[in-house]
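Open the model in your viewer and have the selection tool ready. Each stop below tells you what to pick and what you will find there.

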Amino acid sequence: MEALELYAVDDSREVYTEELKLNLGPQHPSTHGVLRVELKMDGEIITGARADIGYLHRCAEKIGENVSYLQFTPYTDRMDYLAACNNELAWSLTVEKLLGVEAPERAQWLRVIVCELNRIASHLIAFGTYGIDMGANTPFFYAFRERELILALLERPSGQRMLYNYVRPGGVAHDIDETWLDDVLRFCDHFEKMWAEYNTLLTHNRIFIGRTANIGVLPKEVAIAFGVTGPSLRASGVRWDLRRDVPYLWPYGELEFDVPVGEGTHGTLGDCWDRYWVRMREMMESIRIIRQACRRVPSGDFMDKNLIKIYKSPIKPGPGEAYLRTENPRGELGFYIVAAGGTSPLRCRARGPSFCNLSVLETLLPGCMIADGVAIIGSLDIVLGEVDR
Amino acid sequence: MDEAALHARLAASGVPGIGALDRSVKDPFVVVEPTSIVPALTWLRDDPACRLEMLHNLTAVERPEAIEVVYHVCSLAHHHALVLKVRCPRPEGGTHETWLPEVPSVAGVHPAANWHEREQWDLLGVRFTGHPDLRRILLPEEWIGHPLRKDYVYPTEHGGIPLELDAVPLYERDPASPPPPSGRVRKAGEPLFQPPAPFSSRPLASGGRTVEPGEAPAGGDGAGAGGGEH
Amino acid sequence: MESLIGLFEKLLGDLGHADLAGTALPLAGAYAVCIGTLLGFITVYAMFAIWMERKVAAHMQIRYGPMETGGWHGWAQSVADALKLLFKEDIIPSGANKVMFWIAPAIVFCGVFAGFVAIPFAMGVQIADVNLGLFFIIAIASVEVVGVIMAGWASNSKYSLFGAVREAAQVVSYEVPAAVALLVPVLVVGSLRLGDFNAWQEQHGWLILHNPFAPVAALIYFIASLAGCKRAPFDLPEAESELVSGFHTEYSGMRFSFFFLEEYASMFVSSALVSTLFLGGWTLPFVNVSHMPPPVGAVVLLVKIFAMIFVQMWLRWTLPRLRVDQVMSMGYKYLLPWAFAAVVGTAIFETLGWRWLPL
């Protein structure tokens with residue numbers, strides 16, 4: 001059972017100097033939410049780590065068993081609150097799979113644009129907060145300048161800046177106005193210039209590279225064994241992206257985009273710098289996707305007509321179950337719905353990507369210093385709303 | 001390979017206790033005996049044609065007649081996936097307090113299962129035997145009960161703080177006398193909250209009228225009301 | 001300073017107490033005036049420096065910083081913050097060692113404050129014209145290390161302990177390349193008295209241009225002083241994203257403001273040293289400042305000091321933070337050998353009397 005040895009803490013030194021037990025969190029500037037990591041330290045070196053989660057548990061799955069399918073959409077927003085549309089998309093697609101309907105074409109393309117914009121917004125936060133973790137407080141403001149533009153763009157169709165409740169089973173909630181697509185294209189042009197600025201600020205900074213290269217190396221096999229998905233998995237060299245390999249929205253099959261993969265540029269393959277660089281390049285790929293999608297949005301319905309009639313009263317899918325996974329900015333979000341014929345699901349399970357990405361922390365942390373520990377947690381890009389639900 | 005081919009390979013692999021492929025739902029699943037889930041997952045992970053190396057999701061579902069543990073495994077090398085289920089039938093009168101079904105842990109096969117199994121133990125009370133560290137993960141360690149069960153009864157207080165809707169607020173409580181037990185215990189099956197009352201149709205200052213759900217607004221078609229709230 | 005003593009003696013004579021002329025009374029009076037002025041200056045300077053830091057940080061982060069308090073660009077923000085800190089509740093952690101907790105900010109501040117007395121602000125305007133001025137400043141500034149360690153230990157918190165231990169390692173290590181780099185101007189000028197540096201640079205121009213090794217030494221001293229002031233990229237002792245606030249996590253209110261003042265005061269002292277030793281002090285290249293009234297020299301020096309402080313702030317808001325082992329390796333493996341090389345090169349230059357620029 002060689003997998004179990006991953007949990008062993010190295011206590012086999014002969015000279016037993018006093019070990020310090022330190023709590024990182026739950027209130028801490030760098031744990032990206034309320035996360036508590038119990039550390040056993042020898043001076044500055046971490047010898048053992050245990051993640052303690054559940055501080056943001058809001059009983060989403062229990063609530064899912066008590067509200068209707070449409071009423072649960074805002075709850076999915078609040079799981080990964082930085083990439084809300086992607087969560088709603090996973091939920092909507094799973095409900096559509098249960099019902100056996102498909103959203104109209106215009107809705108599908110709008111979903112692609114909105115979700116990719118959300119992906120950029122989420123990666124901008126990852127970039128900005130990673131700079132703050134490393135001590136560079138300035139790139140955060142530059143990232144948020146662009147994020148403000150995205151939030152203003154997304155406010156126009158959905159009415160909300162952050163937790164949109166926009167992608168619903170059957171399509172999207174509201175239609176876009178006439179100038180929205182042009183403004184999105186203008187944003188894409190603006191963003192490309194700013195992306196070059198971010199690289200001069202942080203990416204190629206010698207100190208930043210010194211803090212992140214060769215730190216927190218996640219080998220491919222360990223990543224797959226722990227269920228790590230998303231940019232953290234791609235940074236370890238695995239070229240796996242659900243949008244390309246198992247397209248859950250058929251427009252993704254028609255768009256041209258690359259899947260950035262870590263290459264071990266500045267250190268070992270799968271270190272923190274690789275994870276960071278994969279996210280940066282993914283932002284540019286999202287811009288490519290958005291550009292192509294904006295030109296292909298057809299006219300038509302934005303919400304399935306049958307479902308509109310059904311929405312007068314709560315939808316009641318017949319007994320059955322469905323599981324669907326989508327590529328979120330943080331990894332693969334999976335919703336497993338078991339329907340028993342009522343207005344609410346019998347079981348509604350959300351497999352959060354950050355939950356699985358975080359489980360690898362206990363393997364990565366021992367052996368590094370506390371400053372590296374902060375770098376590793378930041379590079380995994382977790383959101384506690386998704387870990388705890 | 002699709003699920004039928006995967007199931008055929010698994011059935012022919014020599015691992016005992018593999019059931020038939022159930023195709024009645026969108027994602028066909030295989031019911032496996034509890035004792036053979038570990039060898040089955042190991043075989044599926046290691047067989048070169050299957051290579052189902054990532055455990056994507058581990059869920060426990062409580063149905064009236066049984067608790068099912070559902071395993072979603074997927075492959076990155078080949079783009080296929082499979083669903084396995086382990087069924088633990090409910091004994092007579094098995095409640096959330098008395099019945100904690102036991103299923104062998106697959107944490108040794110897929111380390112990802114470590115946290116997933118802890119969560120299902122925490123929320124649904126499925127005991128995974130052989131798990132290296134089975135303790136609560138989302139709820140506090142001292143929590144009693146497994147909340148996601150259908151017959152779970154909500155506690156009336158936790159750590160001295162009352163948890164009922166009509167309890168006396170903390171700042172009004174007299175420290176000398178503890179709050180009386182309100183006796184209002186939520187029964188199993190009782191709804192979590194009162195559903196909101198429907199809006200009554202009333203005129204607005206602008207001259208229009210609020211709309212009840214289910215009513216088409218004056219002059220609008222179905223597409224316009226489709227974006228209305230439920 | 002002597003002139004002040006003379007002033008007091010004259011005052012005593014005017015008041016009819018000429019017999020007290022040689023005693024300690026005029027001396028005490030002079031000291032009181034000097035230290036009072038200096039305290040007032042440091043307080044006002046610290047408030048200004050904090051406001052400047054917030055504005056510099058804000059404009060580098062595409063925002064404005066304080067704009068409301070006081071009207072014009074929030075100039076009264078620091079005053080408001082100082083008043084707020086004065087009124088805050090004095091919280092001492094329950095397990096803290098009360099005596100050390102109380103003394104630590106005082107030690108830290110006094111160590112840095114004492115360095116101010118040896119800085120020449122203009123010709124003859126210096127509180128203590130110490131023969132070993134440079135040596136005195138370097139030595140007395142290391143008293144703050146003791147205070148920081150006391151603060152970290154007395155707080156009874158693991159985070160503070162971490163900050164204190166890191167700080168001890170870092171500050172003490174970086175004093176070595178700093179002191180070695182400062183040997184270069186000493187070798188050129190031949191004296192440790194700070195007034196002599198100004199006089200020398202008045203005649204020969206700025207020291208940084210005298211010698212190919214002087215810029216190297218200036219850069220090394222500047223970087224080492226960044227580490228000594230615990231400024232980014234060496235701000236591990238107060239690394240906000242790792243240790244919440246490092247060694248001053250448990251301090252609040254006026255005690256915290258002492259640490260804050262100390263940081264800006266030591267920035268001032270190290271910038272003053274760089275300006276005096278390398279950038280000409282209160283002298284200007286083509287202007288005979290020593291014959292002008294003292295405020296001109298003081299203004300010249302202050303302009304240079306604030307330019308260096310601006311560079312320190314600029315670096316803080318641009319660069320990420322170095323990890324502790326990288327800090328140590330940079331100090332010992334890079335700065336120290338280069339500092340030694342600079343000293344050896346300067347010694348050779350001076351002995352052979354070479355010149356490299358027509359100055």
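This is a predicted model: local features need pLDDT of at least 70, side-chain atom pairs count only at pLDDT 80 or more; totals for chains, interfaces and linings use all residues.

Now widen the selection to strand E2 (residues 29–32) and strand E5 (residues 81–89) of chain B. Four bridges join these strands. E2(B) and E5(B) run parallel. Strands of a sheet pair through backbone hydrogen bonds, either parallel or antiparallel.

Next, show the whole sheet. It is open and has five strands, in the order E1-E2-E5-E4-E3 (chain B). The pairing is mixed. Which strands stand at the edges? Pick strand E1 (18–22) and strand E3 (54–62) of chain B. Each has a single partner strand, so one side of each is left without a neighbour in the sheet.

H1(B) lies across E1, E2 and E5 of chain B. The helix runs at about 170° to E1(B).

Chain C brings 22 residues and chain A brings 26 residues. Stay on the chain C side and select helix H11 (240–243), helix H13 (294–318) and helix H14 (324–352): these are the elements that give two or more residues to the side touching chain A. Which of them gives the most? H11(C) does, with three residues.

Finish by colouring that side of chain C by residue class. Expect 11 nonpolar, four polar and seven charged residues.

Definitions and conventions:
Residues are numbered from 1 along each chain as its sequence is written. Chains are lettered from A and ligands numbered from 1 in the order in which they are written. Two residues are in contact if their C-beta atoms, placed from the backbone, lie within 7 Å. Ala, Val, Leu, Ile, Met, Phe, Trp, Tyr, Cys and Pro count as nonpolar, Asp, Glu, Lys and Arg as charged, and the others, Gly among them, as polar. Two strands pair if DSSP finds at least two bridges between them. Axes are lines fitted to C-alpha atoms, for helices over the stretch in contact, and angles run from 0 to 180 degrees between N-to-C directions.
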